[in-house]
Amino acid sequence: MVYVLLGTGFEEIEALTPVDLLRRAGVEVKTVGLNGKIVYGSHSIGVEADLTIDELDVSDAEMIVLPGGLGGVASIRGCQKALEAVKAVCCLDKYVAAICAGPTVLADLGLLTGVQATCYPGQIPNMKDALVVPDAACVTDGKVITGTSAGTAVPFALALIEALRGADAAKAIAD
């Protein structure tokens, strides 16, 4: 199961492109509303989450995904249950993925120390001890996958598929 965290102000394309492409690849995905079942993104698009953060149990997680959007990232930072879920997925040695400003949450949690990662260029100073790869659309380092921005949502989503289902599955969706 892949869980995508949706906090008020999330960047819609960074959340929904991975959901769409992962589901096309046959991966089970659930969106998780941090502020209730209906969550509004940074462009005032309301999305009905599959479950709320109070219903989340990551014991079956293959991956957790943190979209960007400054409001969405602030929502994640302000939600202790979301932060605990991210740490729990990491402790289970499963994939943790984040795009745009989302990787800064991973940096805050100490999950990027010595890890190659990328993020939105304006957020590079907030990446702490990460080994930032500034010119990459997305970077995979072990069980951590990071992406740069809304414009890289498709390559980011394909990297998630490749990690979970292999390069052939990612290529099939890309084609």
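Buried residues account for 52% of the 175 residues in this protein. The model is a predicted one, and the values below were computed from it.

**Overall form**

The protein contains six helices and 11 strands. Its radius of gyration is 14 Å, close to the 16 Å that the globule rule gives for 175 residues, so the protein is as compact as a globular protein of that length. Taken along the principal axes, the box filled by the C-alpha atoms is roughly 35 × 35 × 30 Å.

How much of the contact between residues at least 6 apart in sequence joins residues at least 24 apart? The share is 63%.

The accessible surface comes to about 7,400 Å², and carbon and sulfur atoms hold 51% of that surface.

**Salt bridges**

The structure holds seven salt bridges. Three of them are listed here with the distance between nitrogen and oxygen.

| Residue | Partner | N to O distance |
|---|---|---|
| Glu 62 | Arg 165 | 2.8 Å |
| Asp 108 | Lys 128 | 3.4 Å |
| Lys 171 | Asp 175 | 2.7 Å |

Take the pair Glu 62 and Arg 165, which form a salt bridge. Glu 62 lies in the loop between strand E5 (51-52) and strand E6 (63-66), and Arg 165 lies in helix H5 (residues 153-165), so the pair ties together parts that are 103 residues apart in sequence. Glu 62 has a relative accessible area of 23%, which makes it partly exposed. Arg 165 is also partly exposed, at 37% relative accessibility.

The next pair is Asp 108 and Lys 128, whose side chains meet in a salt bridge. Asp 108 is in helix H4 (residues 103-108) and Lys 128 is in the loop between strand E8 (116-117) and strand E9 (131-132), so this pair ties together parts that are 20 residues apart in sequence. Asp 108 is partly exposed, with a relative accessible area of 39%. Lys 128 is exposed, with a relative accessible area of 55%. Which residues do salt bridges with shared partners join into one network? They are Arg 77, Asp 108 and Lys 128.

In the pair Lys 171 and Asp 175, the side chains meet in a salt bridge. Asp 175 counts as exposed, at 70% relative accessibility.

**Two single residues**

Thr 52 is in strand E5. Is Thr 52 buried or exposed? Thr 52 is buried: its relative accessible area is 16%, and the cut-off for buried is under 20%. Leaving out residues up to four places away in sequence, Thr 52 touches Val 32, Gly 33, Gly 36 and Lys 37.

His 43 sits in the loop between strand E3 (38-40) and strand E4 (46-48). His 43 counts as exposed, at 53% relative accessibility, since the cut-off for exposed is over 50%. Leaving out residues up to four places away in sequence, His 43 touches Glu 11 and Glu 12. From C-alpha to C-alpha, His 43 and Gly 9 are 7.6 Å apart in space, while they are 34 residues apart in sequence.

Terms used:
Residues numbered from 1 in each chain as written. Predicted model: local features only at pLDDT ≥ 70, side-chain atom pairs only at ≥ 80, totals over all residues. Heavy atoms only, no water. Helix = DSSP H or I, 4+ residues; strand = E, 2+ residues; numbered from the N terminus. Rg over C-alpha atoms; globule rule 2.2 N^0.38 Å. Buried < 20%, exposed > 50% of the residue type's maximum accessible area, 1.4 Å probe, protein only. Contact = heavy atoms within 4.5 Å. Areas by Shrake-Rupley, 256 points an atom, 1.4 Å probe, with all protein chains shown as cover. Salt bridge = Lys/Arg side-chain N within 4 Å of Asp/Glu carboxyl O.
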